[in-house]
Amino acid sequence: HSQTKNTASRDFTYSLGEEKHRGEWTDYLQGATKLLSEFMRSKGAQSFGGFEAQIESSMPEGSGLSSSAALEISFLKAIRSAFKLDVTDVELARLG
């Protein structure tokens, strides 16, 4: 399972491979893990397993500052680093 938390202490849990659109900010994270997993499979590479994540930000939600893009890319980079995935920055940007 992946678990995320923001400074407002909103917990969220989902299972990898069971991502669902819910109309919340966490959809960005679910979409990122879904696309990354599909991308890794398309390369014939091993994907990643479950993990827990804590996300903290001082950027207000919906601030219009590309906060969703920044969240997705930083989340994908953290997963890449944690699981030592062979994915370039350009590939992550295309996924995010």
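Colleague: Buried means under 20% relative accessible area, exposed means over 50%, and partly exposed is in between. What is Glu 91, then?

Modeller: This is a predicted model, to begin with. Glu 91 has a relative accessible area of 21%, so Glu 91 counts as partly exposed.

Colleague: Which residue does Glu 91 form a salt bridge with?

Modeller: Lys 43, with the closest N and O atoms 4.0 Å apart. This pair links distant parts of the chain, 48 residues apart. Glu 91 sits in helix H3, residues 89-95, while Lys 43 is in the loop between helix H1 (26-42) and strand S3 (51-52).

Colleague: And how accessible is Lys 43?

Modeller: Lys 43 is at 37% relative accessibility, so Lys 43 is partly exposed.

Colleague: Why do such side chains pair up?

Modeller: Because side chains of opposite charge can pair when their charged atoms come close.

Colleague: How many salt bridges does the count come to?

Modeller: The count is 3 salt bridges. Asp 89 forms one with Lys 77, at 4.0 Å from N to O.

Colleague: Which residues make up the network of salt bridges?

Modeller: Lys 77, Arg 80 and Asp 89 are linked in it.

Colleague: Where do Asp 89 and Lys 77 stand on accessibility?

Modeller: Asp 89 is at 43%, so Asp 89 is partly exposed. Lys 77 has a relative accessible area of 36%, so Lys 77 is partly exposed.

Colleague: Let's stay with H2. How many residues does H2 have?

Modeller: H2 has 17 residues. From its first C-alpha to its last H2 reaches 24 Å, close to the 24 Å expected at 1.5 Å a residue.

Colleague: Which residues of H2 are buried?

Modeller: Leu 71, Glu 72, Phe 75, Leu 76, Ile 79 and Arg 80. They cover an arc of only 160° around the axis, so they are on the same side of H2.

Colleague: Why would residues in a helix point the same way?

Modeller: An α-helix has 3.6 residues a turn, so residues three or four places apart point the same way.

Colleague: What do the buried residues of H2 pack against?

Modeller: Strand S2 (11-14), H1, S3 and H3.

Colleague: What follows H2?

Modeller: Lys 84, whose phi is positive, near 50°.

Colleague: New topic: rings. How many aromatic pairs are there in the count?

Modeller: The count comes to 4 aromatic pairs. One of them is Phe 12 with Tyr 14: the centres are 5.7 Å apart and the planes are at 45°, so this pair is tilted. Both Phe 12 and Tyr 14 are buried.

Colleague: How far apart are the ring centres of Phe 48 and Phe 83?

Modeller: Their centres are 5.9 Å apart, and their planes are at 45°, so this pair is tilted. Phe 48 lies in the loop between H1 and S3 and Phe 83 in helix H2, so the pair ties together parts 35 residues apart in sequence.

Colleague: Is Phe 48 buried or exposed? What about Phe 83?

Modeller: Phe 48 is buried, at 11% relative accessibility. Phe 83 is partly exposed, at 29%.

Colleague: Which residues do ring pairs link into a cluster?

Modeller: Phe 48, Phe 51, Phe 75 and Phe 83.

Technical notes: Residues are numbered from 1 along each chain as its sequence is written. This is a predicted model: local features need pLDDT of at least 70, side-chain atom pairs count only at pLDDT 80 or more; totals for chains, interfaces and linings use all residues. Side-chain values use heavy atoms; hydrogens and water are left out. A salt bridge is a side-chain nitrogen of Lys or Arg within 4 Å of a carboxyl oxygen of Asp or Glu. Helices (H or I, at least four residues) and strands (E, at least two) are DSSP runs, numbered from the N terminus. Buried means under 20% relative accessible area, exposed over 50%, partly exposed in between (1.4 Å probe, protein chains only). Rings of Phe, Tyr and Trp (its six-membered ring) pair if their centres lie within 6.5 Å; planes under 30 degrees apart count as stacked, over 60 as edge-to-face and the rest as tilted. The expected span of a helix is 1.5 Å times one less than its number of residues. The arc is that of the directions from the helix axis to the C-beta atoms. Contact means heavy atoms within 4.5 Å.
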